[in-house]
Amino acid sequence: DKLPKYVEISGSMKSPSLYGNAGTKVIVILEAEFDAILIQQFASDLCCCMAIGGAGKRPDSHADQLLRNASIVLFALDF
């Protein structure tokens, strides 16, 4: 294929999406927003989720601070 698998639409949000209570001490890092929403549906009392939008993307300064304040960071990337 000459076209990329995923395309980021111009004007879209570049920062990670956070789902759940940001004060939770357990953060699960995922690639897709759908995965984060699904985990929140079943485990919102245990963690909050951060969807970064792809394995090659990095957290912004706000997300970085949340991760530094977390007691446990779980990586659940697609690879």
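**Salt bridge, cores and surface of a predicted model**

Arg-68 and Asp-64 are four residues apart in helix α2, so about one helical turn separates them. The model discussed here is predicted.

Me: How far apart are the closest N and O atoms of Arg-68 and Asp-64 in their salt bridge?
Reply: A search of the whole structure finds one salt bridge. Arg-68 and Asp-64 form a salt bridge, and both residues belong to helix α2. Between their closest N and O atoms the distance is 2.9 Å.

Me: Which element gives the largest share of the largest nonpolar core?
Reply: The largest nonpolar core has nine residues, among them Ile-27, Met-50 and Leu-66. Two or more residues of this core come from each of β2, β3 (48-51) and α2 (61-69). With three residues, the largest share is that of α2.

Me: Is Glu-31 buried or exposed?
Reply: Glu-31 is located in the loop between β2 (26-30) and α1. Leaving aside neighbours within four places in sequence, the residues in contact with Glu-31 include Ala-51, Ile-52, Leu-77 and Phe-79. The relative accessible area of Glu-31 is 14%, and the cut-off for the buried class is under 20%. Glu-31 is therefore buried.

Me: To which residue does the backbone nitrogen 2.8 Å from a polar side-chain atom of Glu-31 belong?
Reply: Gly-53, Gly-54, Ala-55 and Asp-78 are also among the residues in contact with Glu-31. A polar atom of the Glu-31 side chain lies 2.8 Å from the backbone nitrogen of Asp-78.

Me: What accessible area do Phe-34, Leu-38 and Phe-42 have together?
Reply: Leu-38 is placed in helix α1 (residues 33-43). Because its relative accessibility is 39%, Leu-38 counts as partly exposed. Phe-34, Leu-38 and Phe-42 form a nonpolar patch on the surface, and their accessible area together is about 390 Å².

How values were computed
Residues numbered from 1 in each chain as written. Predicted model: local features only at pLDDT ≥ 70, side-chain atom pairs only at ≥ 80, totals over all residues. Heavy atoms only, no water. Patch = residues over 30% accessible without salt bridge, like charges linked within 9 Å, V, L, I, M, F, W, Y side chains within 5 Å. Areas by Shrake-Rupley, 256 points an atom, 1.4 Å probe, with all protein chains shown as cover. Salt bridge = Lys/Arg side-chain N within 4 Å of Asp/Glu carboxyl O. Buried < 20%, exposed > 50% of the residue type's maximum accessible area, 1.4 Å probe, protein only. Polar contact = N/O pair within 3.5 Å; in protein donor to acceptor, adjacent residues only side chain to side chain. Contact = heavy atoms within 4.5 Å. Core = buried A, V, L, I, M, F, W, Y, C linked by side-chain atoms within 4.5 Å.
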